[in-house]
Amino acid sequence: MNILIINGFEKHVDANGQLNNRLFTEYVRQFKDKHDIKITFIEDYKRTEEINKWLWADLIIIQFPIYWFNVPGALKSYFDDVFAYGIFYGLDYTKYGQGGRLFGKKFMLSTTWNAPTAAFNDNNQFFNGMSVSDILQPTIKALEFIGLTSWSQDGVISCHDVIHNLEIELYLSEQKQFIEEVNV
């Protein structure tokens, strides 16, 4: 399988990216012997090369921290730049959202949050019962708009409470489950 692994970390005064980079590195390490992989760092890429990587890939994994309940600004700018009209999508559709041209490709969003797991899926908590995938719908819908489908039911792996209660072994074990699915 051809796998594109994107490191969506953006330098931030309050975040050094150690966990994000560890998870990114683990994806590369676990997939490089069994699959053809290409990698991208969103702070250093060339548009034409990126377009070709997306066209080449069967699976796109995007590893990123959550900044203010969304993707980092540089990752959003990367999508704006790379999702080329006429290549990734077009206006030749009969129903809105069906103009994507990257059919047959899958995605997985791999995220790190400071929010604890308990803040999700509970009507009495901050997110009012929303799941991680509910909060990330704009990104998920952008990927679906260009024709991708999610690898899993919700298309998201998430690590929580990463500042106050860092549990690297738990995060790596959850990541490993996804890696094992891909490696089958």
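Predicted model: local features only at pLDDT ≥ 70, side-chain atom pairs only at ≥ 80, totals over all residues.

Q: In which helix is the place of Q30?
A: Take the residue numbers of the helix, 18–31. Q30 has its place within them. The element is helix 1.

Q: Is Q30 buried, partly exposed or exposed?
A: Its relative accessibility is 26%. Buried means under 20%, and exposed means over 50%. Q30 therefore counts as partly exposed.

Q: Which residues is Q30 in contact with, leaving aside its neighbours within four places in sequence?
A: I179 is 149 residues away from Q30 in sequence. In space the two C-alpha atoms are 7.2 Å apart. Contact means heavy atoms within 4.5 Å. The residues in contact with Q30 are I179 and N183.

Q: Is helix 2 roughly parallel or roughly perpendicular to helix 3?
A: The axes of helix 2 (residues 47–56) and helix 3 (residues 73–82) come within 10 Å. They cross at roughly 85°. Angles of 65 to 115 degrees count as roughly perpendicular. Helix 2 is therefore roughly perpendicular to helix 3.

Q: Within what arc do the buried residues of helix 3 fall?
A: L75, Y78, F79 and V82 are buried in helix 3. They line one face of the helix, because, seen down the axis, they fall within an arc of 100°.

Q: Which elements do the buried residues of helix 3 pack against?
A: Two of the partners are helices, helix 2 and helix 5 (137–145). The list also holds strands.

Q: Over how many bridges do strand 3 and strand 4 pair?
A: Strand 1 pairs with strand 3 in the parallel sense over five bridges, and L4 stands opposite I60. Strand 4 (residues 106–112) also pairs with strand 3 in the parallel sense. There, K106 is the bridge partner of L59. Strand 3 and strand 4 pair over seven bridges.

Q: Which elements do the buried residues of helix 5 pack against?
A: T139, I140 and L143 are buried in helix 5. They line one face of the helix, because they fall within an arc of 100° seen down its axis. Their partners are helix 2, strand 3, helix 3, strand 4, helix 4 and strand 6.

Q: Is N128 buried or exposed?
A: N128 lies in the loop between strand 4 and helix 4 (132–135). Its phi is positive, about 55°, although N128 is not a glycine. At 56% relative accessibility, N128 counts as exposed.

Q: Is D161 buried or exposed?
A: D161 sits in the loop between strand 6 (156–159) and helix 6 (168–183). It is not a glycine, yet D161 has a positive phi of about 55°. With a relative accessible area of 17%, D161 is buried.

Technical notes. Residues numbered from 1 in each chain as written. Heavy atoms only, no water. Axes fitted to C-alpha atoms, helices over the stretch in contact; angles between N-to-C directions. Helix = DSSP H or I, 4+ residues; strand = E, 2+ residues; numbered from the N terminus. Parallel < 35°, antiparallel > 145°, perpendicular 65-115°, else oblique. Buried < 20%, exposed > 50% of the residue type's maximum accessible area, 1.4 Å probe, protein only. Arc of directions from axis to C-beta. Pairing = 2+ DSSP bridges.
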